Amino acid sequence: MSTLTVTAEDTDGDVRELEIEENPSSNLMEALTEEGYDIPAICGGMAGCGTCHISISKGFDALRKPEEDEELMLDSLTNLTDQSRLACQVPLTAAVDGMELKVIGDGM
């Protein structure tokens, strides 16, 4: 598997470039949490809480479209943007490489 590079800004405005191993059976929320980002993941990664809400400034169009559960949760969030996704629903595939994002985390 290859290494993916993701630039992530936390809720305090700190930006870091992360090197993440490609792993389609894992997701971006798990990777961010492992890197020390404060994501409560109350629902356990099931698109049910919105605490892993991210806004993607680069690489959004490379991702597959959100499924219905994710869309419903996104629609309930207060800080929704045109590039909002739930990190728990973004698998660690080549589509993530080069992504730039901000952790919003405004769910339950």
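# Exercises on a predicted model

**Exercise 1. Describe the largest nonpolar core, and say which elements supply its residues.**

Step 1. The largest nonpolar core has 29 residues, and those with the most contacts inside it are Leu 28, Leu 32, Ile 54, Leu 86 and Leu 101. The elements that each supply at least two residues of this core are S1, S2, helix H1 (28-34), S4, H2 and strand S7 (99-103). The largest share, four residues, comes from H1.

Step 2. Take Leu 28 as an example: when its neighbours within four places in sequence are left aside, its contacts include Ile 20, Ile 54, Val 90, Met 99 and Leu 101. In general terms, nonpolar side chains tend to be buried together in soluble globular proteins.

**Exercise 2. Find the two salt bridges, and decide for each residue in them whether it is buried or partly exposed.**

Step 1. In the salt bridge between the side chains of Glu 9 and Lys 102, the N to O distance is 3.2 Å. This pair links distant parts of the chain, since Glu 9 is in strand S1 and Lys 102 is in strand S7, 93 residues apart. With a relative accessible area of 24%, Glu 9 is partly exposed, and Lys 102, at 30%, is partly exposed as well.

Step 2. The side chains of Glu 70 and Arg 85 also meet in a salt bridge, at 2.7 Å, N to O. Glu 70 belongs to helix H2 and Arg 85 to strand S5, 15 residues apart, and this pair too links distant parts of the chain. Buried means under 20% relative accessible area, so Glu 70, with 1%, is buried, and Arg 85, with 2%, is buried.

**Exercise 3. Collect what surrounds Glu 70, and describe one of its contacts, Ala 47, in more detail.**

Step 1. Glu 70 lies in helix H2, which spans residues 68-75. Leaving aside its neighbours within four places in sequence, Glu 70 is in contact with Ala 47, Arg 85, Leu 86 and Gln 89.

Step 2. Besides the salt bridge to Arg 85, a polar atom of the Glu 70 side chain lies 2.9 Å from the backbone nitrogen of Leu 86.

Step 3. Ala 47 sits in the loop between H1 and S4, and it is buried, with a relative accessible area of 7%. Its phi is near 60°, which is a positive value in a residue other than glycine. Ala 41, in the loop between H1 and S4, likewise has a positive phi, of about 50°, although it is not a glycine.

How values were computed
Residues are numbered from 1 along each chain as its sequence is written. This is a predicted model: local features need pLDDT of at least 70, side-chain atom pairs count only at pLDDT 80 or more; totals for chains, interfaces and linings use all residues. Side-chain values use heavy atoms; hydrogens and water are left out. A polar contact is a pair of N or O atoms within 3.5 Å; within protein, one must be able to donate a hydrogen and the other to accept it, and residues adjacent in sequence count only if both atoms are side-chain atoms. Contact means heavy atoms within 4.5 Å. A nonpolar core is a set of buried Ala, Val, Leu, Ile, Met, Phe, Trp, Tyr and Cys residues joined through side-chain atoms within 4.5 Å. Buried means under 20% relative accessible area, exposed over 50%, partly exposed in between (1.4 Å probe, protein chains only). A salt bridge is a side-chain nitrogen of Lys or Arg within 4 Å of a carboxyl oxygen of Asp or Glu.
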